[in-house]
Amino acid sequence: MLPLRECVLQTPGYVPGEQPLTNDYIKLNTNENPYPPPPEIFEALQVELSKVRLYPDPVSTQLRKAAARVFGVNIENLIAGNGSDDILNIAIRTFVNPGEAIAFLDLTYSLYDTLAKIHGASVIEIPTNENFELGEPIICPKAKLIFIASPNPPVGKHVNREYLEKTCANATAIVVIDEAYVDFSQENHLDFLQKYENVIITRTMSKSYSLAGMRVGFGIASQPLIEQMNKVRDSYNLNRMSQAIATAAFESHTYFQNIWQKVCQTRNRLLLSLRDLDFFVFDSESNFVLASPQWISAAELYSQLKERKILVRYFKHPRISNYVRISIGTDEEIDRALEAITEIKTQ
Ligand SMILES: Cc1ncc(COP(=O)(O)O)c(C=O)c1O
């Protein structure tokens, strides 16, 4: 018998969206940014390549400085991660003992569940209403950590601000507000940091900064929390290429702001076009939409789109098994997807 941990054995593990090894798909399945970052951010790469024999800066100083400027916080309030997934993981290992409870919405980013379970934590699922939204503030005295994504996938809308604030104000737990999609929306929760010492906001450069492949994310929180999280972090958690490219990306803030605007325009057009094609579609404040075709099963639509080399995301979860999640592509990609859907509908 291998000496395995029971909690790991019992967990199926996180299932990421497909990453095909060929380039012949229109990829609308993992909420990546369809636009590349500006080429000048790669100029920093040559210098870093000449230094690969040296370890990178363990605390990502230049990157945190750049991020602090853009987020309007102090560098002491920032921890950088190998993607924001790294920060979620660090938060669990810093604040939760195995056997203690972690709470999150019953429909949200599924990695929270996986990370909690492989840590040996118990899970408390907070029920959402028929629109998959939080219907009241969370009161969960048993939880040590509460994860709330806002905007929350798979719908992509912000959690009600008043409920979220009351949750932070009343919680004895640490509350992680995961703002992975916030740049595609009109609001954020950075102001909560001034009021609540138990709040951590996470951000990622995977979506709005077109750097999913570089794996860069952040935790923003009060200094006492950051101090503890730093002890748990892998000592060199960000490689030097990622640090340099991500730092340079923050210099191109205006370029990215234009992209966010473009993505939001395309999203709103897709949303209306899908409704015209007889889909039920939730409004979205993210770079994806959750849509339910009223004339074909979502599973069948997913397969037929895949046959046409268009990848969208289909989840087997019973509450959303008749929905597909479509990430926002370029205008041309979305036109191709809409043409394919029209063809499937009329065949
Ligand atoms: C809500 C949410 N948080 C975090 C992430 C992961 O971000 P990163 O690429 O920074 O690890 C995702 C990715 O899909 C997400 O949907």
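This is a predicted model: local features need pLDDT of at least 70, side-chain atom pairs count only at pLDDT 80 or more; totals for chains, interfaces and linings use all residues.

Serine 210 is buried: 21 other C-beta atoms lie within 10 Å, and the cut-off for a buried residue is 20 or more.

**Backbone features in loops**

- Serine 210 belongs to the loop that runs between strand E7 (199–204) and strand E8 (217–221).
- Asparagine 31 is another residue other than glycine with a positive phi, here of about 55°.
- The loop that holds asparagine 31 lies between strand E1 (26–28) and helix H2 (43–49).
- Asparagine 31 is buried, since 24 other C-beta atoms are found within 10 Å, against a cut-off of 20 or more.
- The peptide bond leading from serine 150 to proline 151 is cis, and its omega is near 0°.
- Proline 151 sits in the loop between strand E5 (143–149) and helix H6 (161–170).
- Proline 153 and proline 154 are also joined by a cis peptide bond, with omega at about 5°.
- Proline 154, too, is placed in the loop between E5 and H6.

**The chain as a whole**

- The protein chain contains 12 helices and 12 strands.
- For 347 residues the globule rule gives 20 Å, and the radius of gyration of the chain is 20 Å, so the chain is as compact as a globular protein of that length.
- Along the principal axes, the C-alpha atoms occupy a box of roughly 60 × 50 × 50 Å.
- Buried residues make up 45% of the 347 residues in the chain.
- Among contacts with a separation of 6 or more, 71% are between residues 24 or more positions apart.

- The chain is divided into domain 1 (6–36 + 254–346) and domain 2 (50–252).
- The centres of the two domains, taken over C-alpha atoms, are 24 Å apart.
- Domain 1 contributes 29 residues to the contact, and domain 2 contributes 24 residues.
- On the side of domain 1 that touches domain 2, the elements giving two or more residues are helix H1 (6–9), helix H10 (253–276) and strand E10 (288–293).
- The element that gives the most to this side is H10, with 6 residues.
- This side of domain 1 consists of 16 nonpolar, 8 polar and 5 charged residues.

**The nonpolar core**

- In soluble globular proteins, nonpolar side chains tend to be buried together.
- The largest nonpolar core of this chain has 98 residues, and those with the most contacts inside it are Ala91, Ile102, Leu145, Ile146, Ile148, Val175 and Val176.
- Both domain 1 and domain 2 give residues to this core, so the core lies between them.
- Valine 176 touches Leu88, Ala91, Leu145, Ile146, Phe147, Ile200 and Thr202, leaving aside residues up to four places away in sequence.

**The surroundings of the ligand**

- Which residues are the closest to the ligand? They are Gly83, Ser84, Asp85, Thr204 and Ser206, within a shell of 13 residues that surround the ligand.
- By class, this shell has 5 nonpolar, 6 polar and 2 charged residues.

Note on methods: Residues are numbered from 1 along each chain as its sequence is written. Helices (H or I, at least four residues) and strands (E, at least two) are DSSP runs, numbered from the N terminus. The radius of gyration is taken over C-alpha atoms; the globule rule is 2.2 Å times the number of residues to the power 0.38. A residue is buried if 20 or more other C-beta atoms lie within 10 Å of its own, exposed if 12 or fewer, and partly exposed in between; C-beta atoms are placed from the backbone. Two residues are in contact if their C-beta atoms, placed from the backbone, lie within 7 Å. A residue is near a molecule or strand if its C-beta atom, placed from the backbone, lies within 6 Å of it. Ala, Val, Leu, Ile, Met, Phe, Trp, Tyr, Cys and Pro count as nonpolar, Asp, Glu, Lys and Arg as charged, and the others, Gly among them, as polar. Domain bounds come from an automatic or database domain assignment. A nonpolar core is a set of buried Ala, Val, Leu, Ile, Met, Phe, Trp, Tyr and Cys residues joined through C-beta atoms within 7 Å.
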